[in-house]
Amino acid sequence: MKLWKYKSYDEYVRVQINGNASKLTNVWADESCIDYICNLARNPDGVTIKQPPQHVICHGTRNGSEQKWFIKNLPDAAVIGTEISHTANEFPNTIQHDFHVPIKEYVNKFDILYSNSLDHSYDPMKCLRTWIDQLNADGLLCIDLAQGREMISRELDPLEISSEELIDLLVNKFSLKLVERKVIDRKRGVNSELLIFKK
Ligand SMILES: C[S@@+](CC[C@H](N)C(=O)[O-])C[C@H]1O[C@@H](n2cnc3c(N)ncnc32)[C@H](O)[C@@H]1O
């Protein structure tokens, strides 16, 4: 695991906002990953989850593509995304918010938490604590993790962490159970790995 060091929190935010603005129309997530999570959530096979899933949160969502795909799969669910950049205001179902920071009303709320932006965390322990606390007792923590040359610690993507390191952290330090791991065949770039955990 490697972590890029910023001079200050302001520098972190500035770097993230500049990166976001320069890639605003890009979509990193693959729709097949969201479909896979929704199928698992709707037809839980040994993975109990409240039916139907009602509350979904996505962290680090740029132009909100993942919210759109969750809504397509789960039309009755309330789906929200967080995005640190002010551009959040341009996209539906998105709030401008730093995903490290807890929101009182979100604690124990969500059936599904999805993020492919863990590598943008400047403090993975704080980030994961906040995310886990946002899940209800049966909720699924779904982390879509970049791999290979897309998982390198640098100014824009401060956290470099392998699937094995993340599993070790979540199982041994946060006492979660790993319930699923799946390679996501992305249409562009390096394939990612979806890791799904439960409390
Ligand atoms: C790799 S992009 C992924 C965007 C989107 N999920 C996708 O698949 O296209 C990471 C996004 O997370 C946002 N981000 C970075 N740090 C964040 C933070 N602390 N809280 C919320 N959003 C953050 C960035 O601005 C950027 O839009």
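Which strands does helix α2 lie across, and at what angle does α2 run to β8? I opened the predicted model with that in mind.

**Helices on the sheet**

I found α2, residues 31-42, lying across β5 (110-115), β6 (135-145), β8 and β9 (192-198). Its direction makes about 145 degrees with β8. I then checked α4, residues 124-134. This helix also packs on the sheet, where α4 touches β2 (55-59), β5 and β6. I noted an angle of about 135 degrees between the directions of α4 and β6.

**The sheet itself**

I traced the strand order next. It reads β4-β3-β2-β5-β6-β9-β8, an open sheet of 7 strands with mixed pairing. I looked at the edges. They are β4 (94-96) and β8 (177-184). Each has a single partner strand, so one side of each lacks a neighbour in the sheet. From one strand to the next, the twist averages 20 degrees.

**Around the ligand**

Which residues are closest to the ligand? I listed Asn-20, Trp-28, Ala-29, Gly-60 and Arg-62, out of 22 that surround it. I sorted the shell by type: 13 residues are polar, 5 nonpolar and 4 charged. I also asked which elements supply at least two shell residues each. Among them I have α1 (9-22), α3 (65-73) and β3.

Key: Residues numbered from 1 in each chain as written. Predicted model: local features only at pLDDT ≥ 70, side-chain atom pairs only at ≥ 80, totals over all residues. Pairing = 2+ DSSP bridges. Helix = DSSP H or I, 4+ residues; strand = E, 2+ residues; numbered from the N terminus. Axes fitted to C-alpha atoms, helices over the stretch in contact; angles between N-to-C directions. Contact = placed C-beta atoms within 7 Å. Near = placed C-beta within 6 Å. Nonpolar A, V, L, I, M, F, W, Y, C, P; charged D, E, K, R; others polar.
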